[in-house]
Structure formats: structure tokens, C-alpha cells
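Below are some notes for a colleague who is opening this model for the first time. Please read them with the structure in view.

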Amino acid sequence: MTLTRPAILYMHGLNSSPRSQKASQLTAALARIGMSAWLQVPALHHHPRHAIAQLEAAIAELGRPVLVGSSLGGYYATHLAERHGLKALLVNPAVTPHRRFDGYLGPQTNLYTGEVWELTEDHVVALAELEVPPPQDAERYQVWLQTGDETLDYRQAAEFYRGCAVRIQAGGDHGFQGFADRLPALLAFAGFDPSIFVDVDFSDL
């Protein structure tokens with residue numbers, strides 16, 4: 001069944017999962033306003049080609065969801081937003097991650113599931129296949145960056161998404177501190193009626 005009302009597809013980062021803090025907060029927020037059916041947070045496969053296949057299936061099910069991507073998920077979200085003309089909200093997104101894996105090939109461990117897997121050259125090639133130019137339709141994007149990101153240089157994303165609605169907050173970290181406080185803005189960007197959540201307190205999520 002294709003859903004026609006606002007929907008969100010959340011994409012976690014490398015070695016993360018639907019149990020990450022942001023994914024958990026977003027899941028709880030949609031449950032609190034009775035909209036859980038219009039959110040998908042898939043547990044993405046570590047290989048990009050498998051992950052993209054999962055996400056394409058989710059898009060087909062949700063209709064035209066707003067894509068929310070964190071870190072590597074932001075890279076996936078950008079690729080899919082450009083392919084399908086969708087809106088995307090990116091949180092500390094990775095930019096050209098395939099150029100940043102020198103010295104990191106080899107065994108990896110998912111921080112949430114404990115799964116051990118091998119990062120190979122084929123992963124890097126698959127990531128390169130997903131590269132797109134900077135967005136031309138800037139109105140479809142919001143980009144949330146924190147300067148204290150210890151994993152990615154926020155300036156690379158600020159430059160790549162120049163012209164989009166880029167919000168840079170001093171401090172913070174790669175996990176993006178204060179994400180729960182920004183959930184009303186995320187829901188509004190996704191097209192949910194503000195009257196549904198205007199009086200809802202998400203600060204305890």
C-alpha cells in the first residue's frame with residue numbers, strides 16, 4: 001500500500017542502527033503523536049548496494065517520504081533525493097565518503113549490534129557510484145551541522161550544500177546534540193500539520 005500523507009524515511013550512519021539516539025528519538029516522537037505508520041527506520045546493510053536496495057523499497061512503500069539522513073545516511077539521502085526529486089534533511093552528513101576510507105579497510109564492528117564485517121574496496125567503489133553533484137534545487141534540502149563534529153569536518157558539508165538551508169550550530173558533536181529539541185522543525189519540514197505536535201513536549205525523549 002502506498003501512503004499519501006507526510007512520511008519520513010530515516011537513514012542511520014555507518015556502524016549504526018535504528019537503536020541510535022537520533023533514530024530512537026524520532027521513532028518515539030512519531031509514536032507520541034500517533035504517526036508511527038508514516039516512519040520507517042530500516043536497519044541498513046553495511047554494503048551500500050544492499051542499503052540502497054532497502055531504501056528504494058522503503059520509498060516505494062511510503063510514496064514520497066522526506067528523507068532524513070545522518071552521517072553516511074546523509075550521503076545516501078542526498079543520492080536518493082536527487083534521483084527521485086524528494087526533500088531531504090541531513091544531519092552532519094558525509095560528503096564523498098569514498099575518498100575518506102584510506103587506512104580504514106578491514107574488520108569493522110557495528111556499535112549497536114556487535115556485527116563484525118569486512119570493509120573492502122568494493123564497498124568504496126559502491127559508495128563512489130552514488131556520488132552526485134551539489135544540489136541544484138536547494139529548496140528541497142535542510143542541512144544541520146555542528147562545528148564540534150569530531151568525525152566529519154562540517155565545513156565540507158557547508159561548502160557542498162551551499163545555497164541550501166544550512167544551519168550551523170557552534171559546538172555539539174557528530175551525534176548532534178539537542179536533536180530532540182529540533183524535532184518540531186523536522187516534523188514541519190516533513191509536512192506534518194503543526195497542530196498535531198505544537199503542544200507536544202519532546203524534550204524528554
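**Notes on the predicted model**

1. Of the 205 residues in the chain, 50% are buried, where buried means under 20% relative accessible area with a 1.4 Å probe and protein chains only. This is a predicted model, in which local features need pLDDT of at least 70 and side-chain atom pairs count only at pLDDT 80 or more, while totals for chains, interfaces and linings use all residues. Residues are numbered from 1 along each chain as its sequence is written, and side-chain values use heavy atoms, with hydrogens and water left out.

2. Overall form. The C-alpha trace spans about 50 × 40 × 35 Å along its principal axes.

3. Secondary structure and contacts. The chain holds seven helices and eight strands, taken as DSSP runs (H or I, at least four residues, for helices; E, at least two, for strands) and numbered from the N terminus. Among contacts (heavy atoms within 4.5 Å) between residues at least 6 apart in sequence, 67% join residues at least 24 apart.

4. Core. The largest nonpolar core has 64 residues; such a core is a set of buried Ala, Val, Leu, Ile, Met, Phe, Trp, Tyr and Cys residues joined through side-chain atoms within 4.5 Å. Those with the most contacts inside the core include M11, L67 and Y76. Leaving aside neighbours within four places in sequence, M11 is in contact with residues including L44, L55, L67, Y76 and L80.

5. Cavities. The count is three cavities of 30 Å³ or more, a cavity being a set of points on a 1 Å grid over the protein atoms alone where a 1.4 Å probe fits but cannot get out. The largest cavity has a volume of about 60 Å³, the volume being the space filled by probe spheres set on the points, which are joined across faces, edges and corners.

6. Backbone points to check. N92 is not a glycine, yet has a positive phi of about 45 degrees. N92 lies in the loop between β4 (88-91) and β5 (106-109), and is buried, with a relative accessible area of 2%. F176, also not a glycine, has a positive phi of about 70 degrees. F176 is in the loop between β8 (165-169) and α6 (183-190), and is buried with a relative accessible area of 2%.

Definitions and conventions
On a 1 Å grid over the protein atoms alone, a cavity is a set of points where a 1.4 Å probe fits but cannot get out, and a pocket is an open set with protein on both sides within 12 Å along at least five of seven lines; lining residues have an atom within 4 Å of a point.
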